[in-house]
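This briefing is for a reader who is new to the structure shown here. Please look through the sequence and the model before reading on.

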Amino acid sequence: QVQLVESGGGLVQPGGSLRLSCVASGSIFSININVLGWYRQAPGKQRELVAAITRGGSTNYADSVKGRFTISRDNAKNTVYLQMNSLKPEDTAVYYCKMTRTSGREYWGQGTQVTVSS
């Protein structure tokens with residue numbers, strides 16, 4: 001069984017920073033992990049892609065976070081990170097980690113709350 005566990009969320013003032021982490025554990029080998037991504041869902045809105053990174057290191061970002069957020073991964077630790085800088089109130093959401101295996105199967109974490117408020 002595969003589990004994704006996110007951490008690092010919290011309350012931060014506008015302009016502040018947070019670093020989210022997501023660790024994949026269970027019956028998984030790093031070679032079988034293809035894409036790791038971060039999504040977010042604000043109240044009353046659909047879940048949206050924030051950033052994704054392939055096993056080879058190619059990245060993709062939502063326009064709203066380009067230049068402020070950085071996604072990275074440690075294949076040896078089956079971990080993906082999201083460094084969030086210059087946070088804005090509109091970044092407030094539950095952030096979810098998603099893993100896509102080379103087989104195409106997808107897994108989601110339980111989510112971590114990020115609140116940007118003064």
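The notes below cover aromatic rings, charges over rings, and strand pairing.

The model is a predicted one. The count of aromatic pairs in it comes to one. That pair is formed by Tyr39 and Trp108.

**The aromatic pair**

- A pair of aromatic rings is described by two quantities, the distance of the centres and the angle of the planes.
- For Tyr39 and Trp108 the centres are 5.0 Å apart and the planes stand at 65°; an angle over 60 degrees counts as edge-to-face, so this pair is edge-to-face.
- Tyr39 belongs to strand S4 (residues 33-41) and Trp108 to strand S10 (residues 106-108), so the pair ties together parts that are 69 residues apart in sequence.
- Tyr39 has 19% relative accessibility and therefore counts as buried, because the cut-off for buried is under 20%.
- Trp108, at 35% relative accessibility, counts as partly exposed.

**Charges over rings**

- Trp108 also has the charged end of Arg47 over its ring, 4.7 Å from the centre.
- Arg19 lies over the face of Tyr81, and its distance from the ring centre is 4.1 Å.

- Strand S1 spans residues 2-7, and its side chains alternate between two faces.
- Val2, Leu4 and Glu6 point to one face and are buried.
- S1 runs antiparallel to strand S3 (residues 18-26), and six bridges join the two.
- Val2 has Gly26 as its bridge partner in S3.

Notes:
Residues numbered from 1 in each chain as written. Predicted model: local features only at pLDDT ≥ 70, side-chain atom pairs only at ≥ 80, totals over all residues. Heavy atoms only, no water. Phe/Tyr/Trp six-rings, centres within 6.5 Å; stacked < 30°, edge-to-face > 60°. Helix = DSSP H or I, 4+ residues; strand = E, 2+ residues; numbered from the N terminus. Buried < 20%, exposed > 50% of the residue type's maximum accessible area, 1.4 Å probe, protein only. Lys NZ or Arg CZ within 6 Å of the ring centre and 35° of its normal. Pairing = 2+ DSSP bridges.
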